[in-house]
Amino acid sequence: MIHYIGTQTTLTQQSNGIQASSIEACKTYCESKAVLGVDTETEGFDFTCKKMVMFQIGDEQEQFVIDTRHVSIEPLREVLESPQITKIFHNAKFDYKFIKRWADIEVQNIYDTYLTERVLNCGKLNWGYSLSKCCERYAGVSLDKEERNKFVGLQGQPFTHNQITYGANDVVYLIRIWEKQHALLDEAELHQVADLENKAVVVFSEIEYEGLMVDRERWTALAKDNLELASNIELQLDREVIEHPKLSPHYHVPVQQDMFLQAEEQRATNIKWSSPSQMLALFQHLVPKLEDVNGKNLNKHKYKHPIIKSYIRYKELSKLANAYGTNFFNYVNCDGKVHTNFSQILDTGRVSSSEPNMQQIPADNKYRNCFICPDGWVFVSSDYSAQELNVIAFGSKDPVWLDALERGLDLHGVCADLVFEDRWRDADADERKKLRTQIKTINFGLAYGMGPHKLSDTLGISMREASELIDKYFTTFPNIKKFLEMLGRFGKMNGYIRTFKPFKRKRFFDYWEGRKTPPKELGMIERASKNTPIQGASADMTKLALINIHNHIKDNNLQQDIKIVMTVHDQIDTICREELAESWKTTMTEIMEAAAKTIVTNGLLKADTNISKTWEK
């Protein structure tokens, strides 16, 4: 039965299966339930200025559709904030932000069928995680989603019968999906990771809701500087072309001089440096077999051909100028803040960010420092020190790594000493720096399944040298080799891999065919099997830390004094009132390290927490 709550007088007592009702009746019904489905309809996607126009709540028996343009859902506050009543959403972040913005209610005890479906089928290709797909999969019904866009631009018009029915249908099947998913979680032993994600969704919703303030003046100046730098490198590239014996005959074309340009701005070629096709033709004079000018192919040639190194730098600056120029202000919402959108579960369990991608904001602090907090507030940010290295050490139980981390030694230096032996001990400062960089590259590359090809490209050394270096490394650290090989074998034999206890996140390899799996796919599975437990365990502890920080703030009524505003991989950023910064820094560090100890139980993984006026790496 659909119960409609609004001001429309055209609804009769029993019109077309829709019955007029009241918010009080809705409250009474909901208070008697342990599990409820919840959904919203809105004017658009931007919760800061587009309104929630419809709110739906109920179960398979009774659904209440509320016209929130005329009826407040305030009487449902206790239901929505109750820790005893489970509220089922599909893609809860979207609804959470609209409910908080337009009803000032923070929903608690959320179960998200979308996130749970991603937990159950992580890694599967073209699986489909929409509500429509889940209804087909678990309820055997096909939802008609054509009405979705008809809530935009209503301008006070009454809802149609189809719109009310559409809203109710988005609720009616959620509990059935929840029941079927629970059985699958039991079977796959994934309840703990699903619980982690369903608790974390509230925190990610709050981060997206809070947003970050931007210093427009500082950002604009930075964008202008990068445009000038990119332009200067174009001139430098021109000079390198005309001075290059293989390139000058083809490209040194006298260009009409302009009396109004400065001498340094006069170009010596008519090359369009932003054109990939022109760049490919140019660099094929140096590397005849070059297939394209993407980073992977060019990087391996940058040490032999300095002009390629200059061009790579030009591309980096051009990307900065374009991606982080003044068009970045298009992401500023109606409230004057930037609100990113998190994808909470990638294949490894890590989190990604988009519109804008805050995880790709350059980490040299010039850009990060453009994000600011209100007067009287400061950033208190905490990140795990060598998180992935600690996870590798814990998983492999390598005695050298564990000893170095326990004693606070320079792990990369310790490893370089053991791998290079006399060469390290006899080296001067510059040579040691070079050798340490090589070992550091391997150490961090372990978390991504790095092989000789990638190491060769990264360090600019030959494949033979890269292979010999990796062989020597694993001869020196046999425990790490055994640990990674064990993970690789497991993935190839079983078609999936798991993260560490207690969460044991599961990633499937959809292209696995047992013994029939082609060698190329087996290689991909092996690499992914090595890095997923490392990256996934790291993501699990960061999410747990986010949950525990959020709970501490809420349990101690600090919502008006401390807010979580961002997270990037192993870092969590909060803002707090200046007078609380020192005490919060201590507490936040303790919470971070306690979360880490849930997975890396030896307690060696520490957090580094800092106070600053702007966002920092």
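Met566 is the bridge partner of Asp573 in strand β17. This is a predicted model: local features need pLDDT of at least 70, side-chain atom pairs count only at pLDDT 80 or more, and totals for chains, interfaces and linings use all residues. Residues are numbered from 1 along each chain as its sequence is written, and side-chain values use heavy atoms, with hydrogens and water left out.

**Strand β17 and its partners**

- Strand β16 (residues 562-568) pairs with β17 in the antiparallel sense over six bridges. Strands pair if DSSP finds at least two bridges between them. Strands (E, at least two residues) and helices (H or I, at least four) are DSSP runs, numbered from the N terminus.
- β16 and β17 form a hairpin with two residues between them. In the turn, His569 has a positive phi of about 55 degrees.
- Strand β13 (residues 377-384) also pairs with β17, in the antiparallel sense over seven bridges. Here Trp377 stands opposite Arg577 in β17.
- Six of the seven residues of β17 (residues 571-577) are buried, so the strand is largely enclosed by the rest of the structure. Buried means under 20% relative accessible area, exposed over 50%, and partly exposed in between (1.4 Å probe, protein chains only).

**Thr340**

- Thr340 lies in the loop between β9 (337-338) and β10. Thr340 counts as buried, at 4% relative accessibility.
- The Thr340 side chain makes a polar contact with the side chain of Ser353 (2.5 Å). It also reaches the backbone oxygen of Pro356 at 2.7 Å. A polar contact is a pair of N or O atoms within 3.5 Å; within protein, one must be able to donate a hydrogen and the other to accept it, and residues adjacent in sequence count only if both atoms are side-chain atoms.
- Leaving out residues up to four places away in sequence, Thr340 touches residues including Glu208, Met358 and Met566. Contact means heavy atoms within 4.5 Å.

**Largest pocket**

- The largest pocket has a volume of about 1,200 Å³. A pocket is an open set of points on a 1 Å grid over the protein atoms alone, where a 1.4 Å probe fits, with protein on both sides within 12 Å along at least five of seven lines. The volume is the space filled by probe spheres set on the points.
- The largest pocket is lined by 48 residues; lining residues have an atom within 4 Å of a point. Phe45, Asn91, Phe94, Asp95 and Phe98 lie nearest the centre.
- Among the elements giving two or more residues to this lining are α3 (92-103), α8 (191-210) and β10 (341-343). α3 gives the most, with six residues.
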